[in-house]
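Visitor: I would like a close look at a single part of this model, taken slowly and with the criteria spelled out.

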Amino acid sequence: LVAGDNGPGNIIILNGGSLVTSNFNGGNSWNGLGYNSLARMEVQTGGSFTSSNHLWIGQNANAIATLVLNGGTVNVLGMIGLGWSGGRGEVQVNGGTFNLAQWNSTRSISSLSQLDIRGGSVVITGEYTNSINAYIAGGQITGYGGVGTVSCVYDSGNNQTIVTAA
């Protein structure tokens, strides 16, 4: 999946719809939303998207990409990167669950990018409370457009960091 490569790209996953990318090339594959251009993906209530490997949102310079989760489920089975190589990536979680299998404590959200939680939750495999709190302090993770309070807890029984906003 590459949307926003050398031109704008938009994807909407409706209620009951599902998009699952394949993991080819021996696990060295990736998916891009806004590789070097504008892109937007919306996952509506009852829809789901699974990136079988890395997901780069707003990857390179000149890329601006937005993922909006409106009550469905997004699963990223590889690394998540918002603005990983100089672009601007935004994720807005209005409801549903954003599941992340991998997290880079210092690079998953660039200084130009943002994760805004307005409902639902972000669930990250592993213990990342210090990293999440640093991103909150830096303004890269916000709640309700910056007027809400973001919190994270580590669930040791499930080895998950859970991020929500109120």
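Visitor: Which residues have the most contacts inside the largest nonpolar core, and how many residues does that core have?

Guide: This is a predicted model, in which local features need pLDDT of at least 70 and side-chain atom pairs count only at pLDDT 80 or more, while totals for chains, interfaces and linings use all residues. Residues are numbered from 1 along each chain as its sequence is written, and side-chain values use heavy atoms, with hydrogens and water left out.

The largest nonpolar core has 34 residues, and those with the most contacts inside it are Ile57, Leu67, Ile80, Phe98 and Val122. A nonpolar core here is a set of buried Ala, Val, Leu, Ile, Met, Phe, Trp, Tyr and Cys residues joined through side-chain atoms within 4.5 Å; buried stands for under 20% relative accessible area, exposed for over 50%, and partly exposed for what lies in between, with a 1.4 Å probe and protein chains only. Strand E8 (residues 64-82) gives the largest share of this core, seven residues; strands (E, at least two residues) and helices (H or I, at least four) are DSSP runs numbered from the N terminus.

Val122 touches Val93, Phe98, Leu100, Leu115, Ile117, Thr161, Ile162 and Val163, if residues up to four places away in sequence are not counted, contact being heavy atoms within 4.5 Å.

The strand pairing can be followed from E8 onwards, where two strands pair if DSSP finds at least two bridges between them. E8 and E9 pair in the parallel sense over twelve bridges, and Met79 has Gln102 in E9 as its bridge partner. E9 also runs parallel to E10, to which four bridges join it, with Val91 opposite Leu115 in E10. Four bridges likewise pair E9 with strand E11 (residues 121-125) in the parallel sense, and here Thr97 stands opposite Ser121 in E11.

Trp56 and Trp84 form a tilted pair, 4.8 Å centre to centre with 40° between the planes. This pair links distant parts of the chain, 28 residues apart, since Trp56 is in strand E7 (residues 54-57) and Trp84 in the loop between E8 and strand E9 (88-102). Trp56 is buried at a relative accessible area of 10%, and Trp84 counts as buried at 18%. The rings of Trp103 and Tyr135 have centres 5.6 Å apart and planes at 85°, so this pair is edge-to-face. Because Trp103 lies in the loop between E9 and strand E10 (114-117) and Tyr135 in helix H1 (residues 129-137), the pair ties together parts that are 32 residues apart in sequence; Trp103 and Tyr135 are both buried.

Tyr135 leads on to H1, where Thr129, Ser131, Ile132 and Tyr135 are buried. These residues lie on the same side of H1, because they cover an arc of only 160° around the axis, the arc being that of the directions from the helix axis to the C-beta atoms. On the other side of H1, Asn130 and Ala137 are exposed. The buried residues of H1 pack against E11, strand E12 (141-143), strand E13 (150-155) and strand E14 (160-165).

Key: Rings of Phe, Tyr and Trp (its six-membered ring) pair if their centres lie within 6.5 Å; planes under 30 degrees apart count as stacked, over 60 as edge-to-face and the rest as tilted.
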